[in-house]
Amino acid sequence: RHVADFQLSIASVIENSSSNCLAQDLHLQAEQLAERLKCDSVVSEISAGPGTVNFTINRELLAKIVLQQVWKDGSEYGVKSELFSTVPRQKTVIEFSSPNIAKKFHIGHLRSTIVGNFIANLKVALGHEVVRINYLGDWGMQFGLLGVGFQSFGNKEKLKSSPLQHLSEVYVQINKAAEDENTKKLAKDFFRKLEEHDEQTLSIWKQFRDLSIEEYIRIYKRLGVHFDEYSGESFYQEKAKEVLKMLEDKGLLQKTIKGTGIVDLSEKKDLSTVSTVMRSDGTSLYITRQFLIISFRDLAAAIDRMNKHSWDTMIYVTDKSQSIHFQHLFQILKLMGYDWAERCQHVSFGLIQGMKTRRGEVIFLEDVLNEVRSRMLQNMTSTKTTKEVQDPVETAEKVGLAALIIQDFRGLLSSDYQFSWDRALQSRGDTGVFLQYTHARLHSLEQMHGNAELTDVNVVCLQEPDAISILQHLLRYDEVLYRSSQDLQPKHIVSYLLTLSHLAAVAHKTLPVKGSASDMAQARLCLFQAARSVLANGMKLLGITPVTQM
């Protein structure tokens, strides 16, 4: 039995339909309505279900319109839908990734990086202007300690060849002496010189920063991610002082008995909700975001971005432990008189648990990328069909990344999830590997039989249930994009693409191109081409590069 294309729930259209409306009444009303409605050139069948009226679209029209639309809109298919016609084009600033310089890229930053990239890709696809900002942890007392460490244990050659590895080692060494009074004093002096813009000290720090960014860019390239702006806490030293003055002038900054600076966020102004903005020694704390202390730098950065970019929305992508931090940040901005704080948004995500490499506990992203690539290569070489792949390492990298992204994006972003190598790398089932495999398979079908010309397609040849299922699914792509654009969750697109791949896998068996009559072969080829085109579009939004061989 075929599945209807559209369904109308009777309860949603009859007046004062309450929950006690009997099921048989609804069914009767559905039948009466279905009888009164007439089919036309678009709707070929109208029937009643349990409390619903079901509509079936003229099958030839369905095939013709869907294939024409996918063909005509290409990479913009779904985006040009009238669902988006009333959505205003806006300018969005997205702050994501944001690692701490002079440290190797920790796996903790993976989610922020891929989620921020997805949101940016989606916004751009929908015609918005996007500014991607990487707000680096590049300032604070730990650079005093690192500077002293480098003077004692540093090696310029090692710094050049593998900066983050070397600086991590230096930091571990100096940290052993961090409790020593003399080391503490030297570190304080080094950081004080930094704050006073001492040239020699600044040039050491700048070298740490520049070399870190160079190495990050290399890793971002592997992830297919780029930024328009590398900003950082160091940019906002002077502006943070202006923010402090503004808070004082507006009477928002209060001091506790211990001398800690706070801002009262409670409605009744009874200090029931306060945000700490300053330590008793007068410094705004560096490790702000972890300890719910709002730094003046974060406030200054938000104000500066508004002045510089005049954005419509600003999105911060960080883990959910920082939710209260951002609530406070937006509230303080509002108290300062910045109404645009209401257009700031925090997109939060849960933690990845249990990510280990073969060597044990994993900490660094690059280890994970190397591991997923080597495991993928191993899987590819152990199957018979891998011989003809032109660049197996590059292919393994792209497929491996797809595996990481799909495992990450399958659930709600706010959920923690248990990472599993075996589950991520399965070639069958709901994985990134399966998406890549489907794309490569459909691509080789086109290579083998040439491209179908839409003008030659006889849509009468696409009436089998498996062909109709694909067409119905392609028709719904815009709804899925719309849902993801509303709640910024990638899971809607992920589950859509997995279903599309399963439908295509079934049709690949039941609707052969090879050996079919020319009319039939052309029509089926055109259907598979449309499926591959939409699959590729969706994968690219998620940050995945589709492979053509596997």
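Q: How do the side chains of Glu-371 and Arg-375 meet?
A: The side chains of Glu-371 and Arg-375 meet in a salt bridge, at 2.9 Å from N to O, where a salt bridge is a side-chain nitrogen of Lys or Arg within 4 Å of a carboxyl oxygen of Asp or Glu. This is a predicted model, in which local features need pLDDT of at least 70 and side-chain atom pairs count only at pLDDT 80 or more, whereas totals for chains, interfaces and linings use all residues. Residues are numbered from 1 along each chain as its sequence is written, and side-chain values use heavy atoms, with hydrogens and water left out.

Q: And where do Glu-371 and Arg-375 sit along the helix?
A: They are four residues apart in helix H12 (residues 365–382), so about one helical turn separates Glu-371 from Arg-375. Helices here are DSSP runs of H or I with at least four residues, strands are runs of E with at least two, and they are numbered from the N terminus.

Q: Are Glu-371 and Arg-375 buried or exposed?
A: Glu-371 and Arg-375 are buried, a word that stands for under 20% relative accessible area, while exposed is over 50% and partly exposed is in between, with a 1.4 Å probe and protein chains only.

Q: Why would side chains like that pair up in general?
A: Side chains of opposite charge can pair when their charged atoms come close.

Q: How many salt bridges does the structure hold?
A: There are 30 salt bridges in the structure. One of them joins the side chains of Asp-408 and Arg-111, at 3.0 Å from N to O. That pair links distant parts of the chain, with Asp-408 in helix H13 (residues 392–409) and Arg-111 in helix H3 (residues 110–125), 297 residues apart.

Q: What about accessibility for Asp-408?
A: Asp-408 counts as buried because its relative accessibility is 2%, and Arg-111 is buried with a relative accessible area of 2%.

Q: Which residue does Lys-206 meet in a salt bridge?
A: The side chain of Lys-206 meets that of Asp-210, at 2.8 Å from N to O. Lys-206 and Asp-210 lie in helix H8 (residues 199–223), four residues apart, or about one turn of the helix. Lys-206 counts as partly exposed at 45% relative accessibility, and Asp-210 counts as partly exposed at 32%.

Q: Which residues are linked in a network of salt bridges?
A: A network of salt bridges links Glu-215, Arg-218, Arg-222, Glu-366, Arg-373 and Glu-397.

Q: New topic: how do you describe two packed helices?
A: You give the angle between their axes and the distance between the axes. Here the axes are lines fitted to C-alpha atoms, for helices over the stretch in contact, and the angles run from 0 to 180 degrees between N-to-C directions.

Q: OK, at what angle do H7 and H8 pack?
A: Helix H7 (residues 181–195) and H8 pack at about 95°, with their axes 8 Å apart. That makes H7 roughly perpendicular to H8, on a scale where under 35 degrees is roughly parallel, over 145 roughly antiparallel, 65 to 115 roughly perpendicular and the rest oblique.

Q: Which residues of H7 meet H8?
A: Phe-190, Lys-193 and Leu-194 of H7 meet Thr-201, Leu-202, Ile-204 and Trp-205 of H8, where contact means heavy atoms within 4.5 Å. These residues divide into five nonpolar, one polar and one charged; Ala, Val, Leu, Ile, Met, Phe, Trp, Tyr, Cys and Pro count as nonpolar, Asp, Glu, Lys and Arg as charged, and the others, Gly among them, as polar.

Q: And how do the axes of H2 and H16 cross?
A: The axes of helix H2 (residues 59–73) and helix H16 (residues 465–475) come within 10 Å and cross at roughly 50°, which means that H2 is oblique to H16. The contact is made by Arg-59, Leu-62, Ala-63, Val-66 and Leu-67 of H2 with Ile-468, Leu-471, Gln-472, Leu-474 and Leu-475 of H16.

Q: Which residues is Glu-60 in contact with?
A: Glu-60, which is found in helix H2, is in contact with Val-459, Val-460 and Gln-463 once its neighbours within four places in sequence are left aside. Glu-60 is partly exposed, with a relative accessible area of 38%.

Q: Last one: how many helices and strands does the chain have?
A: The chain has 19 helices and 15 strands, and buried residues make up 52% of its 550 residues.
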